[in-house]
Amino acid sequence: MIDTRHLLNRRNFLSHSVNGLGGVALASILNQEGLLGAEKLRESAAGKMPIRPSIDSTNPHAPRLPHTVPRAKQVLMIFCSGAISQVDTWDYKPELIKRHGQPMPGGDKLITFQGEQGNLMKSPWEFKPRGQSGKMITDLLPRLGDLADEMCFLHGMTGKTNTHGPGENFMCTGFTLDGFPSAGAWTTYALGSEAEDLPAYVAIPDVRGTPQSSVNCWGPGFLPAAFQGTSFNAAKAVRNLATPNGLTGTTDAATRAFLQRQNYRHLQNHLGDSQLEARIASYELAARMQLSIPEVTELSNEPDYILKEYGADESGNKILDLRAAYGRNCILARRLIEKGVRFVQLFNGAYQTGGEGVSNWDGHKKIKEQYDIHGPVLDQPTAALLKDLKVRGLLDDTLVVFCSEFGRMPTFQKGASGRDHNPDGFTAWLAGAGVKAPFSYGATDEFSHKAVEGVTTVYDFYATILHILGLDHERLSFYHNGIERRLTDVHGAVIKEILASS
Amino acid sequence: MLALSGNALAKKKKDVEPSNHWSFQPVAAEHRHGRVDAFLNEAMANKNLRPLGRAERRTLIRRAYLVMLGLPPSPEEVAQFLNDDSPQAWDRLVDRILASPHYGERMARHWLDLTRFAESNGFETNRERPSAWHFRDYVIESFNDDKPYDQFVKEHLAGDAMGADIGTGFLVAGPYDIVKSPDPNLTLMQRQDELADMINTTGTAFLGMTIGCARCHDHKFDPITQRDYYSMQAIFAGVKFGEREMKKEVTPNDTKKVAALRESLTVAERELEKLRSMAATNEKGLSVLRPAVNARLNTETFEATSAKFVRFTINKTNGAEPCLDELAVFNTRGGNVALAKAGAIATSSGNLPGYPIHQLAHLNDGKTGNQWSWISNQVGRGWVEIEFAKASLVERIEWSRDQTGRINDRLAIDYKIELSIDGKSWSLVASSNDREPFGGKADPNAFLAKLPAPEAKRASDLIAEIDLNRSRIAAMQNGVKAWVANFSKPGVTHRLHRGEPMAKREEVPPDALEVIGSLDLAMDAPEQTRRLALAEWIASEKNPLTARVAVNRLWQFVFGTGIVDTPSDLGTNGTLPTHPELLDWLADDFVKHGWSMKHTLRLLLNSNAFQRSSQPNSAAARIDASSRFFWRFPPRRLEAEAIRDGMLSVAGTLDRRMGGQGFHLFDVDRENVVHYHAKDETGPAEWRRMIYLFKIRQEQDAVFGSFDCPDGNQVIPTRSRSTTPLQALNLFNSRFTMQQAQKLAERLGAHADRVPQTYELLYNRPATSDERRDAEKFIGDHNFLAFCRAMLNTSEFLFIF
């Protein structure tokens, strides 16, 4: 099979090729060992032939063309770890308010993750119409509410597990089990990145720690390690980025130069070996990243009004401190998008600093008390981020995705003041490039328990995201252990109803 | 749907047509050639490829060491080989390599990738499995012993039936979701996932078949039906996760040894007790109190009394419900008449519910430690009674809270012990009344201070002897605890429509893949029988897949790519073998040589193909860029583990101790959910070979994880070899590299010829004059440490050529 994009892409790569490596790059296209080669292409379960990205091992992050004309080039995913309650945020149900305090029909027979149900409970936060569209959103997230007109809601989302770990795996990788490539890894595997001197895929963990599924949320699975998310945030730098203690910059630079000379000398005896060329290129890129990553994480040159807007200027109590820390991560996310990073995954909520609901959205027992902290922490910085992206024109090319591993029940748990897990009906929203807004698609039943209209799966969700990126989810696959693996497994359909008309 | 009776259905033919796919055909028994190179040369000639010449000898020894041992040779080993002029030099080198214990460590890394081995549960809780390392050691030892591959495979699936319990660590080496819920859907799905992991791993590792694809529907490409999948599931249906004591083969010799040890134990105990009473009588001749009770062991001696019952009543503890590890009653001949095995029966006032490790049966099971103990259901009180098989003349009682000495709570501090001949009238023989009051930190050896020096010395010798003999007895009687498969009676297995746990269809019998043959098992075949039958079926010379899959993997371990380059898929979706006749010859020869892996590896190492130069050649590359026809030896980057091991080795810091508990590269924060924080600094304790790393699922080592190191969640038959800037940052800037560079600098820095020595040590070759000039200049401008840091980062150090 002759793939013309392949050739085009190589030319593209040559024009991108880094200082002094033109010769190396030229040699490398003679031999693409490992990632390309004369590979047998197999039909996937969907009966379509895979489209393999043409990856140059000397520069695996070079930008690559999508399958079709893309509607968005970058993705910013905002992930609320712990399962944010749709009942208390985006999913307005007058019937639930009316029947507040009454048993849910059939609820007595329903066993959810932690057990039996108490009565139906309306949200402790009042729903109000927001924006021009009048979308009903609660007082928990007023500033995000103000941006309702930018959002495209999926109210009929469904998952397939009600435990956090598998749930986060499912939402991040399309599989409930550990060890599958994350959506960001798939995206950068397919498309590379426009950000030359930065990682193609960045995960920004909450300052309080990592989500339940930890590094699996941004892992490469069985894709080459080149496509794993690099994790850092505004408070914690990339490991091993800094020059080792006690070394002068001069010695450090001279050492790298000596290393590269030694590698070049060695290469002379193995001309054309792309693996060796790739290593030389990787040290050059690493050196550039040592400058470019601190540059992007250094927020001190952000103007005061930006810090204020993101809530990153105030501290003094728990909420303000957390909001400021998350706000700085939001600013970092914007800067990464600005620099062309392909996939940015921003987390709100963590599991290290307290389990159930304390530092994440897992409000089983005391949802009011806990969300009264989480709401303000999330609201202002996320809203500022969305506005900032819009003002800077970045939403034209960036798809913003807001999601969580699943939703929560419209009832309180028996004997508790919080809600149990609910994978049968929850809300995600999209904004920016490629989607209709303001728009709402799908619906849960009268209480916000089960999705009943416009029911969408995580597979549909990702089929759609990939579609917006110009990728056919049935043809973006990777051969592993006998199977053409996909982000969407063997399922999924693009949710055409939510796509913006071009 | 009608359910057929067990046997009827078991014999019913499934809807599988015989397949004409190559890998399902019997392995050829007739061969056109009898040498690896003969097959390869013929294929090269057909492609107009000319093989390169033999590589230099120093390249060869380095290649052989890196490929087979995962460590570079020392300059002395290189010199020895270079100076060996005999025609057998290479054969001797191969023999030395295959005899090295590092061989097993290297091969085990490949095997543990294939068996998705890790030492934590995975998922969000990701708790550790502190005893899982026994399986890792078993794999290393099996390779080093050249255990026949068929036996090795059988032990993985049914080692419990073959005196090799540890092999079944394979079945449960995968991830395990311990987050349980009252929601029945979730529980069923979790179980389905566990079984799927066992089926997938068995299918890919041994058979090169993607059986897992048939979980929801018949396999799209291979002749594997959904019924096949659920028949496989029925084989594993009784397998459960957990830690357990491995079965200990107790030989008659062991029994004799235990009896002898017991006898000397009794003698020592008696003598010690005399010394104790001596201490209890102070210099004025007045009786003083006995030492306070302790958790580890309390001994009560009394006039020999005839009894059929003993009763131990607890009135107070140092906290919570009382716990007794073991209650032993000795007759005048030193035998424990309270043992369940001797026919004694225990009863109690009540038992703490819900803890399998705390049971009444553990009171007199002869096994010691908290996990074999009884706990009362009442706070601070409770009683136990043991009825002996027959009335006996008894004179000594031993009781303990935790004989291993680890746990000190729940200790009976106010108690009495009574004996009875009829179970009605009781006489008091011992109690806490004549003991020192319990002070929280009871020292069982406090009495020593009250003895004259010679007796005190004698008493402490006796205590040491008793401890040693006790641990010897325990070791001979209690098996070792390890993370291996647990077995239960399997329930009925149904085919599940679209793989949905709630959508049960017809019952299926335990069976293997229909396309290759049936196991002919009844629907209700016993649990172990099922696995044993599958094991025999897989590890059979008649199975067309097993030997082919195995030799193809060995080929891949040596040459980097298999003859089939989809080593876990020999189905129709896999690629065809580049050298089908060679593959069959190797498979046939492997079986004929007793499934000896060392035999086959020796064939490969002795081939010209292995000893060929790795130089690139543009003419040949145009025909065969990836060197699949072996006109050259294909170079490749070392794996994460071999890079780290190699750095330690050349820095002179490698701790070559084998086996045992692994080392940690994480600080572990053990909440309900376990968090792992990469250590910033490592020291000699972490400088063992990386196969001994305590392997945590998901979490990657902060330096070497980025070198495509698998995280134990997936079966990995072939490692990716990507090159990334993060690898460069880690290897160039990490504390680990700086430390090892420092050690390397210290090792060589004082030598006048330190530059050429570095080249010999890291590359196993002399430095060229160019290199030497450049290095000396660089060291002069900067320092030797900087040079060492650079050298540890070079491609030549990190690649097999």
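Good morning. I begin at Gly208 of chain B, the residue that follows helix 9 of that chain and has a positive phi, near 60°. Please bear in mind throughout that this is a predicted model.

Helix 9 of chain B itself covers residues 184-207. Its 24 residues, at 1.5 Å a residue, should span 34 Å, and the end C-alpha atoms are 33 Å apart, which agrees. Is this helix largely enclosed or largely open? Of its 24 residues, 17 are buried, so helix 9 of chain B is largely enclosed by the rest of the structure.

Let me step back to the layout of chain B. The domain assignment divides the chain into five parts: domain 1 (22-54 + 544-633), domain 2 (56-99), domain 3 (148-247 + 481-539), domain 4 (252-477) and domain 5 (636-800). Between the C-alpha centres of domain 2 and domain 3 of chain B, the separation is 43 Å.

I turn next to the strands of chain B. Within strand 8 of chain B, Glu385(B) stands opposite Arg311(B). Strand 3 of chain B is also joined by eight bridges to strand 9, residues 412-420, again in an antiparallel arrangement. There, Lys316(B) has Asp414(B) of strand 9 as its bridge partner.

Now to the contact between the chains. How many residues does each chain contribute? Chain A gives 69 residues and chain B gives 74. On the side of chain A, the elements that supply two or more residues are helix 5 (164-173), helix 7 (249-268) and helix 8 (274-297). Helix 7 of chain A gives the most, with ten residues. By class, this side of chain A holds 27 nonpolar, 33 polar and nine charged residues.

Finally, the nonpolar cores. The largest has 294 residues, and those touching the most other members are Ala333(A), Val344(A), Leu346(A), Val401(A), Trp429(A), Ala431(A) and Val558(B). Helix 8 of chain A provides the largest share of this core, eleven residues. As for Leu346(A), leaving aside residues up to four places away in sequence, its contacts include Leu76(A), Met77(A), Ile78(A), Phe79(A), Ile204(A) and Ala333(A). Another core lies apart from the largest one; it has 34 residues, including Phe309(B), Leu363(B), Trp374(B) and Phe388(B).

Thank you for your attention.

Note on methods: Residues numbered from 1 in each chain as written. Chains lettered and ligands numbered in written order. Predicted model: local features only at pLDDT ≥ 70, side-chain atom pairs only at ≥ 80, totals over all residues. Domains from an automatic or database assignment. Contact = placed C-beta atoms within 7 Å. Helix = DSSP H or I, 4+ residues; strand = E, 2+ residues; numbered from the N terminus. Nonpolar A, V, L, I, M, F, W, Y, C, P; charged D, E, K, R; others polar. Pairing = 2+ DSSP bridges. Expected span 1.5 Å × (residues − 1). Buried ≥ 20, exposed ≤ 12 C-beta atoms within 10 Å, placed from the backbone. Core = buried A, V, L, I, M, F, W, Y, C linked by C-beta atoms within 7 Å.
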